[in-house]
Every structure is written in C-alpha cells, then in structure tokens.
There are 2 protein chains.
Amino acid sequence: MNKIIRIDMTGLKRTTEKSPQDYQLLGGRGLSARILNTEVPAMTHPLSNENKVVVAPGLLAGTMAPSFGRISFGSKSPLTKTIKEANAGGTAAQKLGRLGIKAIVVQGKPKENQIYIIYIDSKGAQILPVPDLAGKMNYDLVDSLRDRYGKDIGVISIGPAGEAKMTASTIAVTDQDGRPSRHAARGGLGAVMGSKGVKAIVINAKGTRAIEPLDKEGFKETIRDLLEILKRDKGTQSLSKFGTPRVISFLSQLGSMPSWNYHGGPVKDIENIFGETISEVNQGRGGRMHGCMPGCVIQCSIVFHGEDGKHLTSALEYETLAMLGTNLGITNLDAIARMDSMCDNLGVDTIEVGSAMAQLMEAGIIRFGDEQKVLETLKELEEGGPMGKIIGQGTAFTSQFLGLDRVPVCKGQAIPAHDPRACKAVGVTYCTSPMGADHTAGLDYRDSMSKEGQVKKSYDAQILNATIDSVGSCFLAMPTKAPLIYDVIEKLINATYGTDLSKEDILNIGINTIKEELAFNHSAGWTDIHNRLPEFIKKEKLQPHNVVFDIPQDEIESIFNF
Amino acid sequence: MNKIIRIDMTGLKRTTEKSPQDYQLLGGRGLSARILNTEVPAMTHPLSNENKVVVAPGLLAGTMAPSFGRISFGSKSPLTKTIKEANAGGTAAQKLGRLGIKAIVVQGKPKENQIYIIYIDSKGAQILPVPDLAGKMNYDLVDSLRDRYGKDIGVISIGPAGEAKMTASTIAVTDQDGRPSRHAARGGLGAVMGSKGVKAIVINAKGTRAIEPLDKEGFKETIRDLLEILKRDKGTQSLSKFGTPRVISFLSQLGSMPSWNYHGGPVKDIENIFGETISEVNQGRGGRMHGCMPGCVIQCSIVFHGEDGKHLTSALEYETLAMLGTNLGITNLDAIARMDSMCDNLGVDTIEVGSAMAQLMEAGIIRFGDEQKVLETLKELEEGGPMGKIIGQGTAFTSQFLGLDRVPVCKGQAIPAHDPRACKAVGVTYCTSPMGADHTAGLDYRDSMSKEGQVKKSYDAQILNATIDSVGSCFLAMPTKAPLIYDVIEKLINATYGTDLSKEDILNIGINTIKEELAFNHSAGWTDIHNRLPEFIKKEKLQPHNVVFDIPQDEIESIFNF
C-alpha cells in the first residue's frame with residue numbers, strides 16, 4: 001500500500017505518486033490530517049478550489065484482519081470550518097488496500113458545471129463524465145453503477161445533498177450487500193466532494209489479493225487472540241444480537257439519550273425502539289443482522305425490513321434512533337427507519353439533520369412527536385423545497401434562520417446522541433475535539449456523571465480514537481479496555497509492516513494525528529476559547545439525575561498540553 | 001449628560017444610574033465599547049439573555065453643535081459575532097442629550113414572547129407592552145407612535161426583520177420629518193433589539209433645553225469657524241446639492257463602485273443614477289434635500305419623490321444605489337428607490353441585503369438586472385416567504401444556502417460599495433476593523449490604487465472614525481483634512497466639558513475605543529488570522545484599471561500594533 005492517486009478536477013488529470021517514506025505509518029485519519037495540513041491553506045473556503053478531499057483507508061486495510069476496513073475522508077469542513085475526518089465501514093477500504101492505494105487526493109474543481117465519477121481498478125484511475133447520473137439518490141446511483149461495472153465494486157458516493165453542497169451532506173460507502181448504507185456522515189464532507197464535481201468513486205479490485213503480512217504467523221495469532229476476546233465479551237455478544245440500539249434501554253434511563261431537543265425527560269413508548277424490540281420485530285419481517293465490512297465477526301449492522309417484509313433501511317443505528325427519534329419525541333420505529341432510509345438516499349447526516357429538525361420543533365414550526373411532518377420535511381429536502389434545503393445545512397444554520405439562541409453545537413457541529421450532562425467525558429470531547437461535537441472522537445461512560453477526572457478520560461479516549469481511526473479499525477470490534485486495544489494494534493502493525501514499534505509508538509500515532517489537526521485549526525483561526533459547550537448544557541438541569549455540565553472551562557482548555 | 005438608564009427586559013424594570021466619573025469622556029461608540037467589554041461575556045450568543053444593546057449619543061449630543069447628533073448602537077453582533085457599533089443620524093441623540101441621558105442599556109429578555117416599547121421623557125423611562133404594534137413596518141409603526149405621543153418625539157425602532165431576528169436587520173431612527181429613514185444598518189443589531197422584545201424606544205424631550213457649554217464663547221467661535229470652512233468647501237457644496245450620489249460619476253469610472261456582483265465592468269445607463277440626474281428628476285417631482293438632524297447645514301439627505309410626485313423614500317444614499325443598483329446590474333432609479341423604501345420599512349440593511357441579492361444572481365436564481373425579481377424577493381421578505389427570509393440573514397448565510405464559495409464578506413459582513421481593489425486603504429479597513437467590512441470605519445481614497453502606505457492610511461482613518469463616532473459627529477459635516485477635524489473636536493469638547501484636553505487626548509478617544517473593541521473580539525476568539533479579504537479580491541482583476549488587492553497579509557496584520 002504505497003500509492004497516492006491524485007485526481008485534479010480542474011485539469012481532469014490523474015497521477016499516481018509513490019507515497020513518501022515518512023508517510024509509511026500514516027493511514028486513515030492520520031494520513032488525511034498530514035496531507036491536509038501540508039497542502040491545504042487553512043483559511044481557504046471549504047468549497048474553494050484549494051480545498052481537497054483525502055480518501056484514505058486505514059493502515060491495515062487490505063489485509064485479512066477482520067473489521068479493519070474503515071475508510072477515512074478528510075477535508076476542511078464546510079460545516080465546522082475546521083479540519084475534518086469522518087470515517088465509515090463498508091467495502092471500499094479493503095478494495096483500495098488490495099489495490100495498493102494508500103490515499104486518493106481529489107483536488108481542484110471542474111471548469112464546467114459537470115458531474116464525474118472516478119473509476120479505479122488495477123490498471124489505474126479514470127475520470128469519467130456521467131451527466132446521466134446527476135441528481136441521483138444514493139441507492140439509484142449505486143444500482144446504475146453496479147449495472148455498469150458489476151456487482152463486485154465498492155462505491156463511495158454523494159447523494160443530491162452533496163451535489164447541492166449542503167453542509168449536512170455525507171459521503172456514502174457501500175456495504176457488503178452493495179447498499180450505500182455506511183456514511184462518513186459528519187462535517188458536510190459530501191459538499192466538498194460535490195464542489196469538486198465528483199458524484200462517486202467506483203473501486204473495482206478484481207484480480208487482486210489480500211495483502212500478505214510480513215510476519216504471517218504473528219498476524220494470525222493476534223487475530224486469533226482478538227477473536228477469542230471478542231467472543232467472550234458480553235458487550236460484543238449483545239452488539240451482535242441487537243446492534244448499537246442495544247444501549248437504548250440503559251442510556252434512556254441514564255438520561256444521556258437525548259429527548260425533546262435536549263430538554264430531556266421520558267418519551268412515551270420508548271420500548272418500541274429498544275434494541276431487543278427492534279430485533280424481534282425485524283426478525284419477524286425477515287430482516288437480519290450483517291457485517292458492514294468483509295470478515296467482520298460482530299455483525300452489528302441491522303438490515304431492517306418494513307411492515308411489508310421488504311428491505312427498508314440498512315444500518316439503523318442508535319444515533320439515528322435518538323436524533324430522529326427520542327430527541328424529536330418520536331418512538332415510531334417504522335417512521336424512524338423510513339427517515340433513516342431517506343437520509344441515506346439523500347446523503348445527509350441523521351445527527352445533523354435530526355438536530356436541525358428538533359430546532360424546527362423548538363420554534364414551533366413542527367410539533368414535537370409529529371413524525372409525518374418530519375418525513376414531509378425530508379421529502380421537501382428531496383424535492384428542493386426551501387425548508388428542506390435549510391435543514392440540509394444543519395443545526396447552526398437552521399437555528400440562525402429561526403432566530404434561536406439555544407444552539408446545540410460545538411464548533412458548528414450538532415451535539416450527537418450522548419447528552420454531555422450525563423456523560424461528562426464525552427462533553428469534554430465534544431468541545432475540545434479538533435473537529436467539533438463528535439462522539440466517535442472519544443467516548444467514555446465510566447463514572448459518567450462525576451466532575452472528577454473527565455478531562456483525562458476524554459484525552460485518553462481522543463488519542464485512542466485517533467489511533468483507531470488511523471489504523472482503520474472499527475471501535476466496536478475491539479476489546480473494551482484500552483491497553484488491550486493498543487496491544488492488538490501494535491502486534492498487527494508490526495506483523496504487517498515488519499516494524500518494531502513499541503506501545504509508545506502506537507500511542508504516538510494518535511497523538512501526532514491530533515497534533516496535526518490542532519495545527520491546522522490554529523492556522524484556521526481556532527483558539528482554546530472556542531473549546532466550549534453551549535450555555536444551556538451548563539445551566540439547564542437534565543432529568544432524571546438533575547445534572548448540568550460542570551467541568552471548569554480552564555480545566556477543559558488545558559486538555560491538549562503538548 | 002450623566003445618566004445611564006438600564007432597561008431590564010427580564011424583570012421589566014428600569015433603573016437610572018449616575019454615570020461613573022471615568023465614563024465622562026466616553027460617548028457614542030467609545031462608551032458602547034466600554035460597556036460591552038465590561039458587561040457582556042464575549043463568547044455569549046448574540047441573541048442570548050446576556051447580550052446587551054447599548055444606545056449612546058455622542059459626547060456633544062444635546063448641545064447646539066450642528067451635525068453632532070449621531071447616535072451609536074452597540075452589541076455583540078449576530079452577523080459578525082464581533083463587538084459591533086452602528087450609528088445613525090436623525091433626532092434621537094439630540095433629544096437624549098437634552099434629557100441628560102448618556103446611555104440606555106437594554107439587557108435581559110422578556111419571559112413571555114411579548115413586544116414592548118420604552119418610553120422616555122423628562123420624568124424617566126417606562127416599559128410598555130404594545131401587542132398591537134407587533135409586526136408593524138417601520139413607517140406604520142412611527143405613524144402610530146406619533147399619533148399616540150405627538151409629532152415631536154424621536155423614535156428608535158425595528159421593523160419586522162428585527163422582530164424575526166434576521167441578521168441583516170437594522171435599527172431605524174426618525175429624521176427631522178419624523179420618518180424612520182436613518183438606519184444603524186450594519187451588523188444585524190435590529191435582531192438583538194428584537195430578541196429583547198423591544199420594538200421601539202420613544203423619546204420625548206419636551207420641556208428640555210440645549211446643553212449649555214461651560215465655555216459658551218469658545219464653543220460659538222469654533223462652530224462659526226467650522227461653518228465657514230464647510231461653506232467654502234467644494235465637496236460640501238456638491239454634497240448639499242446632490243447628496244452622497246454625487247460620487248457616482250467618479251467612482252463608477254474609477255471602478256470602486258461595485259458592479260455585477262463585484263465582477264466589475266460598465267453598467268448600461270449608469271448616468272440615470274448620477275447625483276446630478278437624481279437631483280434633476282427629484283426636483284421636477286417636488287422632492288428635496290434635507291438635513292437628517294436638527295441644525296445640519298449640509299442637508300445632504302435626499303427626500304425622493306416617485307413619478308406620482310409623492311414621497312417615495314428618504315435618504316437615498318450612494319451605498320444603496322450601488323448595492324441594490326449597479327452591483328445587481330440595475331440602473332432604474334425608481335426601482336432602486338422603491339427597494340430602498342422597502343428595506344427601510346422592513347428594517348434591513350441595503351448593503352447586506354443587496355449583496356445577498358447579488359449572490360442569488362451569481363447562482364442564476366435571479367437574472368442580473370432583473371429589478372422586478374429583486375422587488376418580488378423583498379416582497380417575499382415582507383410576507384415571510386422562504387427566499388426573503390434567507391436574504392434577510394445576509395450575504396454569508398445566503399452564500400452558504402446556495403453553496404457558493406466566492407463570498408464577499410469580511411468577518412461575516414458584506415463588503416460595502418467601495419471595491420477594495422480600487423481603494424486599497426478601504427480594503428485594509430474592511431478586513432482589520434474590529435467590526436467587519438464597514439466603509440464608515442475608515443475611508444481614504446488618496447492615491448487609492450497604489451500598494452504603498454495604505455495600511456497607515458487605514459489606521460489613521462480608523463482612529464479618526466472611532467473618534468468621530470464617539471463624539472457623535474457626522475463625518476460628512478467635517479473638514480476634509482484630519483488635523484482640522486481633531487482641532488474642531490478638541491475645541492468643542494473642551495468648551496462643553498470645561499476640560500483641557502490636548503490633541504493627543506482627542507486622538508486617544510479613537511485609539512482607546514479600538515483597543516476596547518479589539519479586546520472584546522480577542523475574548524470572543526478573533527485573531528489576526530481573521531483579518532483578511534476574500535480570495536477573489538486578491539485574484540480577480542477589476543476593470544477598468546485591471547487591479548487586484550495586493551497589500552501583503554503580514555503588513556495588514558501589523559496594523560494595530562498597540
């Protein structure tokens with residue numbers, strides 16, 4: 001894996017470079033951060049010619065390691081105006097890894113308002129105009145591409161929202177079923193891809209083989225041990241059965257599952273969306289669990305069927321059930337699944353759009369609990385109606401439009417489905433992460449309502465996640481304890497690359513990634529002052545534990561003391 | 001003038017304080033900056049409970065000095081997210097000065113979604129609910145208030161745009177004819193007033209007299225000398241005849257009058273909006289020139305009549321003719337006058353809204369030159385239609401909605417009607433002023449296309465304007481050369497207050513004001529990095545002189561070296 005493919009959309013040219021030696025141990029998020037920090041002027045407009053989209057599989061992509069096939073997308077974000085990485089599962093990373101591609105860097109913008117795909121196979125990359133695919137929804141788009149290029153392709157794509165450069169737009173990645181259900185959802189990166197006129201990247205890895213680790217035995221042994229750990233883990237077992245919604249019964253009790261636009265309090269019939277309920281309903285309709293990427297043993301992704309027994313949506317996750325569900329006062333499972341399907345198809349982030357919908361409810365434009373109106377507003381987004389287009393710009397934009405000052409964002413990005421009052425380390429992550437409120441940047445629920453030690457916990461979790469995002473592993477397919485995770489990564493990297501990295505070297509993958517990101521943000525005008533949660537999180541008590549977020553601001557600002 | 005009236009909209013209470021001794025020589029913009037910097041948390045949301053609206057007449061308000069009746073409004077701006085001062089002429093400052101009121105500080109927000117007016121006379125202040133006035137356009141509103149409280153009141157008000165908390169909304173001030181034609185237009189301060197539920201401040205100065213200067217003779221002599229200078233000045237003479245549009249013939253030749261959304265180039269029939277043409281047309285219809293504030297000898301404000309010979313709009317200024325005219329490819333005088341009238345009535349900034357309209361044209365939603373569609377979109381704003389409501393949020397917001405990356409703003413505020421490529425000192429002001437792109441923050445056209453010395457010129461102009469905005473003088477009623485202006489101010493302040501200030505002390509009024517503003521912005525997360533013009537201003541050549549803005553960024557960032 002040592003090729004960097006550059007796609008220049010201005011000149012419609014592609015080149016292949018050999019990756020520099022000092023990039024060897026950079027992958028995924030870490031590689032993306034390095035490239036952006038080196039090549040993109042930090043003050044540039046995110047939709048400008050100068051911004052780039054970095055597509056980078058993790059360091060272990062293409063190997064036989066299961067669940068190490070996450071793919072990172074990086075840009076200056078049009079939503080947060082910070083550096084941004086969002087990653088997804090699916091099949092693309094493994095295919096790129098097998099093709100020896102360490103990164104695709106999409107730069108420039110086409111002179112004409114044209115739409116292209118980038119087609120990549122073992123012979124190289126092509127930039128192909130596809131005027132007939134303009135405006136297509138993700139599912140339709142992928143169907144067309146699979147008709148054209150065969151069922152075995154991996155597709156990275158944007159929906160109409162990305163084409164319209166909406167700041168809540170996603171980049172979708174096809175899963176093992178060939179469905180565009182895995183989204184690098186946060187930060188509006190679909191808009192950057194849209195601004196470059198790239199509708200999709202099609203990856204055909206036909207004729208390639210998995211990357212052989214240099215130390216095959218060590219590699220196999222580590223995987224064997226990892227699978228043994230996972231098999232014994234109670235959390236993993238329930239994840240396999242119920243997917244991420246397994247946490248709903250617990251988090252709704254704790255109060256950290258947002259409800260009523262973060263005003264909190266119980267939502268009627270919440271048991272309708274408990275993981276256990278979903279599983280039962282779905283099995284009865286012929287739905288199933290699957291792994292989003294090849295080789296995954298967890299299989300936590302829900303392939304959800306509708307009342308008619310047909311496929312309705314894939315990857316019905318906890319975050320969606322919270323942000324398009326309880327946070328809107330909605331617990332109708334089928335309605336939420338339909339919303340999820342529409343969002344995937346349009347290519348918008350369910351968290352960002354869900355939170356924007358909650359602001360419409362706050363302003364009295366939609367009644368809390370009115371699932372029909374939410375569906376209609378998503379339909380309006382599809383049809384280009386004004387309220388839909390506003391929602392598609394995300395929470396901060398919608399709040400400004402409505403004149404609201406209770407704006408649940410950090411650095412412009414909507415607070416996701418873990419209310420920081422009830423899980424304070426996550427709150428610290430939201431406001432200090434270089435990329436705005438993002439639960440995947442560092443989640444830690446231990447002793448979650450205490451005031452003590454949360455900054456340290458967030459720090460550790462952020463470094464860990466930056467490491468994991470660079471390696472390309474799925475967080476959910478890892479041991480629960482950090483030392484074990486670092487151990488697995490150390491062994492797999494050393495076995496694959498023939499290196500002799502220590503635990504500290506592995507830790508430094510994460511640390512250096514965050515350093516790169518902070519350096520970019522600093523050059524983009526971000527200071528410690530911006531590391532703060534909205535006021536209401538510090539003032540309004542959250543049920544049922546009547547907690548506010550009370551970590552002192554100076555303690556928060558001291559988090560990255562490199 | 002030593003009273004500070006506090007209006008607490010949460011508790012609906014008003015108190016009167018004696019102004020602290022160290023506030024004696026703070027007025028207008030300088031006083032506003034001090035109060036905001038002392039009392040408002042810099043990171044607060046501009047529409048939050050914690051933000052305040054400071055209403056502060058200049059230091060010489062209420063005296064017999066002519067054209068020293070400008071009034072400052074200050075807040076953290078919902079448009080720029082910086083500290084903000086916007087000022088206007090009209091009659092309010094003189095009345096407040098006569099009432100001995102140095103500032104009104106509006107704070108808090110009403111618990112119920114109610115609309116109030118603040119009524120101020122020699123007996124004090126009252127907060128009165130006025131549910132019947134909710135949603136009223138500015139002209140209607142003022143008519144109702146004049147019916148209720150007599151013709152001699154001064155009114156400070158917001159239109160429907162301010163009530164809807166639009167970030168392009170203004171605060172209007174009535175002129176000598178009792179019309180709400182003078183606007184503190186920039187920075188969306190109307191939205192802050194709207195967020196506090198204050199529809200209008202009504203000032204009744206009945207029974208009061210002009211402030212007596214301590215040194216009457218010195219005061220009179222200075223005024224006499226000032227008037228003599230102005231009478232002889234050619235610029236003032238043409239200003240009296242043609243108002244601010246007098247510059248159109250010259251600036252359109254120079255290229256600094258924006259056209260075609262800052263793409264530049266000639267606009268057909270531009271002579272239709274030359275000052276000379278407007279004067280001729282308007283006189284033929286029974287229109288006239290007048291002074292916006294009592295005692296003004298310049299009388300540069302155009303009271304413009306329509307084809308039917310009836311009043312159409314007051315204060316038809318150069319900026320409006322550029323931003324709703326040439327920059328949209330429009331030179332139909334009557335159409336622009338109608339737009340101006342609608343903007344005044346709605347309470348929106350013609351610069352911000354004009355520039356947002358130009359972005360609609362850039363995106364192809366309205367054709368360049370289509371004055372009917374512009375009028376329809378303003379009508380949509382009036383009726384609460386979506387595109388109108390988007391425009392009402394200003395240029396940056398509209399650009400995001402449209403997915404455009406050529407965004408003509410500095411610190412979130414639209415670049416006004418002096419293209420920085422053709423007047424580079426003004427460009428330096430746009431990007432370094434603590435309050436975003438604002439021509440009134442420091443204008444200097446000398447040797448305007450040279451690369452040399454522009455940062456110094458902008459610095460001097462910014463300090464001068466900060467001084468003038470603190471004194472409450474009209475820039476247009478001052479000598480053209482800075483030393484003379486400082487001389488006039490020094491003499492008038494010393495005569496009024498019995499002080500013995502030196503030229504340096506007067507200069508320090510401006511310097512200290514900018515220091516306060518920069519300190520606020522620093523605490524709000526603004527750094528030197530943000531002091532920059534949009535890229536296109538540095539890259540796209542402007543006709544007819546084929547110039548770009550080429551002042552080095554490091555020279556720009558060194559401007560405030562206190």
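Biologist: Hi! Which residues in α16(A) are buried?
Modeller: A:Lys424, A:Ala425, A:Val426, A:Gly427, A:Val428, A:Thr429, A:Tyr430, A:Cys431 and A:Thr432 are buried in α16(A). Buried is 20 or more other C-beta atoms within 10 Å of a residue's own, exposed is 12 or fewer, and partly exposed is in between, with C-beta atoms placed from the backbone. Helices (H or I, at least four residues) and strands (E, at least two) are DSSP runs, numbered from the N terminus.

Biologist: What should I know about the model and its labels?
Modeller: This is a predicted model, where local features need pLDDT of at least 70 and side-chain atom pairs count only at pLDDT 80 or more, while totals for chains, interfaces and linings use all residues. Residues are numbered from 1 along each chain as its sequence is written, and chains are lettered from A and ligands numbered from 1 in the order in which they are written.

Biologist: Back to that helix: what do the buried residues of α16(A) pack against?
Modeller: They pack against β16 (409-410), α17 (454-471), α20 (535-539) and α21 (553-557) of chain A. Nine of the nine residues of α16 are buried, so the helix is largely enclosed by the rest of the structure.

Biologist: Nice. How many helices and strands does chain A have?
Modeller: Chain A has 21 helices and 17 strands. Buried residues make up 61% of its 562 residues.

Biologist: Switching topic, how many residues of chain A are in contact with chain B?
Modeller: 25 residues of chain A are in contact with 24 residues of chain B; contact needs C-beta atoms, placed from the backbone, within 7 Å. On the chain A side, α5 (189-195), α14 (386-391) and α15 (395-402) each supply at least two residues.

Biologist: Backbone next: which residues does a cis peptide bond join in chain A?
Modeller: A:Gln543 and A:Pro544, with omega about -10°. A:Pro544 sits in the loop between α20 and α21 of chain A.

Biologist: What about phi of B:Trp260?
Modeller: B:Trp260 has a positive phi of about 50°, although it is not a glycine. B:Trp260 is in the loop between α8 (248-254) and α9 (275-284) of chain B.

Biologist: Is B:Trp260 buried, exposed or partly exposed?
Modeller: B:Trp260 is partly exposed, with 19 other C-beta atoms within 10 Å.

Key: Contact = placed C-beta atoms within 7 Å.
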